[in-house]
Amino acid sequence: MTVYLFIILGVFAILSALMVVFTKNPIHSILYLVLTFFAIAGEYVLLNAQFLAIVNIIVYAGAIMVLFLFVVMLLNLNKETEPHKSILRQLIAVIAAGILLIVLVGSLKGADTMTIKPFAQNTGYIENLGQVLFKDFLLPFEVSAILFLAAMVGAVMLGKKDIK
Amino acid sequence: MLQYAALIPFFPLAGFIILGLLNKKLPKNIAAVIACGMLLISFGLALGVFMNISGKTEEVQLAPWINVGSFSASFTFLLDPLSSIFLMIITGVGFLIHVYSIGYMHDDEKHNIFFAYLNLFIFFMLVLVLASSYLLMFVGWEGVGLCSYLLIGFWFKTKAYNDAAKKAFIMNRIGDLGFLLGIILLFITFGSSDYHTVFTKANGLMSGDTMITTITLLLFVGAMGKSAQIPLYTWLPDAMAGPTPVSALIHAATMVTAGIYMVARSGILYALSPVSMLVVAVVGIVTAVFAATIALTQNDIKKVLAYSTVSQLGYMFLGLGVGAFSASVFHVMTHAFFKALLFLGAGSVIHGLSGEQDIRHMGGLRKKMPITHITFLLATLAIAGIPPFSGFFSKDEILGHAFSAGMVFWVLGVIGSMMTSFYMFRLLFLAFYGTYRGDEHKVHAHESPKVMTIPLIILAILSTIGGFVGVPESLGGSANFDKFLEPVFHDAYAKMLLMEHSQILSEVALMGITVAAAAISIFFAWNMYVKKKTVPVSEGTRLPFLQNMSYHKYYVDEIYSALITKPLDKISGFLGNVVDNKFIDGIVNASGKLTNWVSGLMRFVQTGNVDFYLLAMVVGIALIIFFKLM
Amino acid sequence: MNTLIILSALGIIALFAEIFRFRKALFPLILLGLGGAFFFTAKEYNHPQIFLGMMNFDNYAVIFSCAILIIAFLWFMMAKNYFLQETSVTDHFALILFSLVGAVVMVSFSNLTMLFLGIEILSVSVYVLAASDKSNVMSNESGFKYFLMGSFATGFLLFGITLIYGITGSFDLASIHTQVAANHDSGLVIAGILLLMIGLAFKSSLAPFHFWAPDVYEGAPTTVTTYMATVVKTAAFAAFFRLFSTCFAGVTGHWTDVLWWMVVLTLFVGNVSAVRQKSVKRLLAYSSVAHAGYIAIAVVSMGAASTSAILYYTFTYSISSISAFTILFIVSRHKGSKDISAFEGMSKANPLLSFAMTVAMLSLAGIPPTAGFFAKYYVFLTAINAGNTLLVLIAVIAALVGIYYYFRVIIAIYFKPEQQLVPIKVGPLHRTVLIITTILTLLFGLFPNLILGWI
């Protein structure tokens, strides 16, 4: 059962991701992206990672996408403002990306991954996540604070008006 | 005495630093005194070394230098008869040229910086000959190249001078590439670049080792660049763009002989490789004859001397190639005397004629510049190999060895020697004899000041008697010069079992032939330029084929330009224009019109430039993955 | 660890400086803080420490951190004037300090998560700094271009990390090493290594992933360009080598041949494109790409001497670059042009600038007695030891081309007629920087052991 659900959600995620690229209207693109995130959140649930699923929806589908929508609407972007791109260029891009995809898939076909731990009932629970995050990966957790601080300072700096 | 030897290079370095830092703040007189004084002290020390060195080899370690893993090198100077002779030449002739420059450069606005460069050059040259490892020698080697480059382009207001400087630099880099690869191979083979280690280990090897042949050939490529041998010789004549004392010091007496020094220093390695020896000898003799044929028709007084230098360097390599190491070093010494004198004499003429360099516009200077004339005559006799002048002894020693190595070397050598006498006397007769052909009203030829003529006189004395230190046994001498250098070349000679000297009778006979040949060509020159008063035709006149080829230096410059320079320019131009201008500049220009951040941001994404970059990345990644995994 | 704490704290103090209005005191404070960070880092030399299994402060990390701190110190002295003209001084300084945290993490990580975080901290700060000249469209463009392509490359880096995690089940370098050795012929391992390499090649601007470099270097403010060419490049190569020497030294067959071709391509593109450049800034940008090629030779020829070769190369290259960029900055501000023609005939009136520029150019060209010569020499030596003779040959030819364009600048300075005889004003800080860098370049050229002895 879960396998079928996994496949259905996966196909759904890929299809909506494709629609993000193919729709001309930026607002539609963003809405499709939200759909993609929901599908992926569903996959997380299937993998017993409820916390990740919820965070994914709250942060990505909720906060970030709303921000995107605001930006798009504020700038009043739509189909008409999108400059024309030549067919040739699109064709080249598609072919190149397609080749990369084929090559990657081909190279990874039949490769074995390693199973580290057998699946347990509490795998993916918040408690375990907390253990890993605050014990094993405490340093990266702390250091990522610097990353966010830097990103924030950068955003403010670029955004604010220069006082003359 | 020897412990002070390490200081020899540092006096010129101190001179360079003082002059370089104070530059304009120093009055010209004081700057000149500092520069010459530093060199005089070095010369004194060098003399002390020379007196004490006979038969000894001393190493003076200054400081550990590099120490990484198995690789180590140190600032160590090596003192032995060979380096002491070069020390004497560099500091002695260098000092005289410095003194001469006081007069020659007196009115130049960059007077002080000129002396600073000269001192720096002397420093690097001394490091080159004092080094006790190939690596340290390379440092000096590069340093003298740099100074030569700076001094050739010293009067940089003219484009031609700049081009000459660049050409010298590029040609030398090609040579340096060979030299550097040779050093790296030495490291791989012997695990060190110290002479001592390398030569000791090499002494145990068999003759004909492939690795040794490769190394020696690569080192020889370096020597070809520095010492202007075929095919890397074209920079030297162009280098005459620099001030005349520079030509005398760097491009005649010292730097260009660095290649000879290096090959002589590596004598044991060359002795192990008959193939390399043959290559050296062939390149040497071909260059000697080839350059001499060009010198026959040149009309610029410095160009004649430049090609003559190339030709004489060819003789020195011939000597090295046939195993006459000490004879070559001997010729380096005598050549330093008479060629420096010739250049300084030419400089005196140019100075006296307010910059005229074309011998067609000279003539009759004998009366106006008596000291220059006499000294120039003595130098010309020396280079032509007329006994008992210095050039006779050294050149004939080389030719004697060439004869035992192969008849053909000797025959070509004598032909080259004949041409040498001819073009040198052509130069002498055209410049100093006959009547003055320039514009009497414009230029008042005058003798140079004492500060210039006294070095000329000293060099003239040396050119005349300098050969007596090495009078061969066949002429009743005792070959002191060879004996002095014997300890250095002992191992190399031992490896070359075939080096048998020809019979005394035949040696004297050979000398007779060469002297007679030189005398005949002097007669021809006299007949043509003094008796018949021929003057070389002016530009644009059609010349007979051979003469034309010689006059245009066999079009070698043009061939190099067509084969190498132009295609490189084309490729670079293509990349610059098409790839850079079309893709990158075009995009940058397009985005330059954007007016504000947001529209810039949005349109930028879609202008296509990043598309292209990303495309390149994606294609790159796909290719990499494809080749590694499929 | 002390280094990280000091640098982060300094960054936060810099932010506070805006609020509490002690902007004037900030600059000396930062220099002092960098000095302190240097002191505490140097103290850990020969006392390796491991932090939570995430960072291993071994001698490699200590030496590279120290090198980065010295370069950063010189950079601050050089960049002070530029940033004081702008309004958001404190933000700029804070971002630089944060990016230094990233750089230190990049040289000391022992876990792939830390590598990723280090790269991102460094990159995010530099993306913003590249765009920091807000009134200049070129700067905006450059920042955005860098950001866009950098994110793309980060994607591949992450993908690589994922694949490696998939096969080894760990982010830890030591266990990756053992696991990779056990599964060395798995497709996942090869693909993972290659993707990691591509991500890092982008950061260190190796062809064909270098396209961003010339544009971004040219568009960004000169001081930021300097930072990218020096600190960022040093950190990128230190991380590159740390990762590959610890984890993938046993499976060189999977990646050295690819890197070999990338090096050849980089040397070619970097050097040949630089030949025709009119703008000194763009010339230095291409030269920076070319130098990445030389440094990568030591990575390709992984061996005992590679570490010291990379250290020596990155450090001396950074010092010469700071010299060259500082002079470019001074001259372009004075003349309003970054072209080579702006340098013509400046030797008369500006002996210090001319001499310093000459030394820097000679060093970049690799001519003794400057440090650049030994940098190339050691790199070539590693290659020879590893049997990569052909690569050395190609690199030497590339170096010959390099000499040509570096000498164009020297020729312009010394051998072109003077344009104007007014001396260019050089502030005391810039003067100090130039004197220090020039002396160091010559000193390390004469005594390479001063650096090499440490590692």
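A crossing of two helices is left-handed if the near helix is turned anticlockwise from the far one by less than a right angle, and right-handed if clockwise. This is a predicted model, where local features need pLDDT of at least 70, side-chain atom pairs count only at pLDDT 80 or more, and totals for chains, interfaces and linings use all residues. Residues are numbered from 1 along each chain as its sequence is written, while chains are lettered from A and ligands numbered from 1 in the order in which they are written.

**Exercise 1. Describe how H3(B) and H20(B) cross.**

Step 1. Find helix H3 (residues 81–104) and helix H20 (residues 450–465) of chain B; their axes come within 7 Å and cross at roughly 155 degrees. Helices (H or I, at least four residues) and strands (E, at least two) are DSSP runs, numbered from the N terminus. Axes are lines fitted to C-alpha atoms, for helices over the stretch in contact, and angles run from 0 to 180 degrees between N-to-C directions.

Step 2. Angles under 35 degrees count as roughly parallel, over 145 as roughly antiparallel, 65 to 115 as roughly perpendicular and the rest as oblique. H3(B) and H20(B) are therefore roughly antiparallel.

Step 3. Viewed for handedness, the H3(B)–H20(B) crossing is left-handed.

Step 4. Now look at the residues in contact (C-beta atoms, placed from the backbone, within 7 Å). H3(B) contributes residues including Leu96(B), Ile97(B) and Tyr100(B), and H20(B) residues including Met452(B), Pro455(B) and Leu459(B). By class, this contact has 11 nonpolar, 1 polar and no charged residues. Here Ala, Val, Leu, Ile, Met, Phe, Trp, Tyr, Cys and Pro count as nonpolar, Asp, Glu, Lys and Arg as charged, and the others, Gly among them, as polar.

**Exercise 2. Work out what chain A brings to its contact with chain C.**

Step 1. Chain A has 6 helices and 0 strands.

Step 2. The contact draws on 24 residues of chain A and 32 residues of chain C. On the chain A side, helix H4 (87–108) and helix H6 (138–159) each supply at least two residues, and H6(A) gives the largest share, 14 residues.

Step 3. Sorted by class, that side has 18 nonpolar, 4 polar and 2 charged residues.

**Exercise 3. Judge the confidence in chain B.**

Step 1. The mean pLDDT (the predictor's confidence in each residue, from 0 to 100) of chain B is 78, and 82% of its residues reach 70 or more.

Step 2. Where pLDDT is low, the predicted coordinates should not be read in detail.

Definitions and conventions
Contact = placed C-beta atoms within 7 Å.
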